[in-house]
Amino acid sequence: MRRMGCLWMIVILLLAVVAYDQWRIEQLRREVAAIAVKVHSSKPDKGKSAGNSDLVTSLAEAEKYTRQAKQLISNKKTAEAQTLLDKALSNLNSANGLSKDIIGGTAQYLGEAKDNAIEVFQKAWRDISEEPVPTKKTETKSNKKPMESK
């Protein structure tokens, strides 16, 4: 009978571990989804087309324009190549702005976490380095004078 009780405890413990793992996986999925939304945000830059709305698209278009410009340069059409390189530069600037937006929130969070960790460490260090002050309540019998009998 005792073995059955141990077996059920092990099964319950394993179920708890599996449930916790599933909960953490769901949390990670939500975080990844939030990051994906930031990467594929549709925030157009000032005066630029809405086609450069996400990081991946901006980088892909910049690559496309540079390839086309390379072909035009090899055909000695520098004016057209300059126009395409300007478009590529515009896309790279857009991608740069989007990546700064994505990283900005994370950097701020990590900075606050670092400050909190330093504060906790310094407080712990002060608490450890302070010497305990004995109180009168902790007086031992050896400190008291023995009563003399007559």
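Modeller: Let's start with a term: a residue is called buried at under 20% relative accessible area, exposed at over 50%, and partly exposed in between (1.4 Å probe, protein chains only). You're looking at a predicted model, so local features need pLDDT of at least 70 and side-chain atom pairs count only at pLDDT 80 or more, while totals for chains, interfaces and linings use all residues. Residues are numbered from 1 along each chain as its sequence is written, and side-chain values use heavy atoms, with hydrogens and water left out.

Biologist: What is the mean pLDDT of the protein chain?

Modeller: pLDDT is the predictor's confidence in each residue, from 0 to 100. Here the protein chain has a mean of 78, and 77% of its residues reach 70 or more.

Biologist: Where does pLDDT stay under 50?

Modeller: Over residues 44–52. For that stretch the model has 13 contacts beyond four places in sequence, a contact being heavy atoms within 4.5 Å.

Biologist: How many helices and strands does the protein chain have?

Modeller: Both are DSSP runs, numbered from the N terminus: helices are H or I with at least four residues, strands are E with at least two. In this protein chain there are three helices and zero strands, so from the N terminus on you read α-α-α. Confidence in the protein chain is lowest in helix 3, with a mean of 82, and highest in helix 2, with 88.

Biologist: And what share of the residues counts as buried?

Modeller: Of the 150 residues in the protein chain, 13% do. The chain exposes about 13,300 Å², and carbon and sulfur atoms supply 62% of that; the areas come from the Shrake-Rupley method with a 1.4 Å probe, and for residues only the protein chains shown count as cover. As for contacts between residues at least 6 apart in sequence, 51% join residues at least 24 apart.

Biologist: Let's zoom in on helix 2. How many residues does helix 2 have, and how far does it reach?

Modeller: The expected span of a helix is 1.5 Å times one less than its number of residues. Helix 2 covers residues 55–74, which is 20 residues, and it reaches 29 Å from its first C-alpha to its last, close to the 28 Å expected.

Biologist: Which residues of helix 2 are buried?

Modeller: Leu55, Ser58, Ala62, Tyr65, Ala69 and Leu72. Look down the axis of helix 2 and these buried residues fall within an arc of 110 degrees, so they line one face of the helix. That arc is taken from the directions from the helix axis to the C-beta atoms. The buried residues of helix 2 pack against helix 1 (2–39) and helix 3 (78–129), while Arg67, Lys70, Gln71 and Ser74 are exposed on the other side.

Biologist: Take one of the buried ones, then. What does Ala62 touch?

Modeller: Leave out residues up to four places away in sequence, and Ala62 touches Ala88, Asn91 and Leu92. Ala62 counts as buried because its relative accessibility is 4%. Its C-alpha sits 10.0 Å from that of Ser94, 32 residues apart along the chain.

Biologist: How many salt bridges does the count come to?

Modeller: The rule asks for a side-chain nitrogen of Lys or Arg within 4 Å of a carboxyl oxygen of Asp or Glu. That gives two salt bridges. One is Glu63 with Arg67, where the closest N and O atoms are 2.6 Å apart; both lie in helix 2, four residues apart, about one turn of the helix. Glu63 is partly exposed at 40%, whereas Arg67 counts as exposed at 53%. Another is Arg29 with Glu26, with closest N and O atoms 2.8 Å apart. These two lie in helix 1, three residues apart, again about one turn. Arg29 is exposed at 54%, and Glu26 is partly exposed at 35%.
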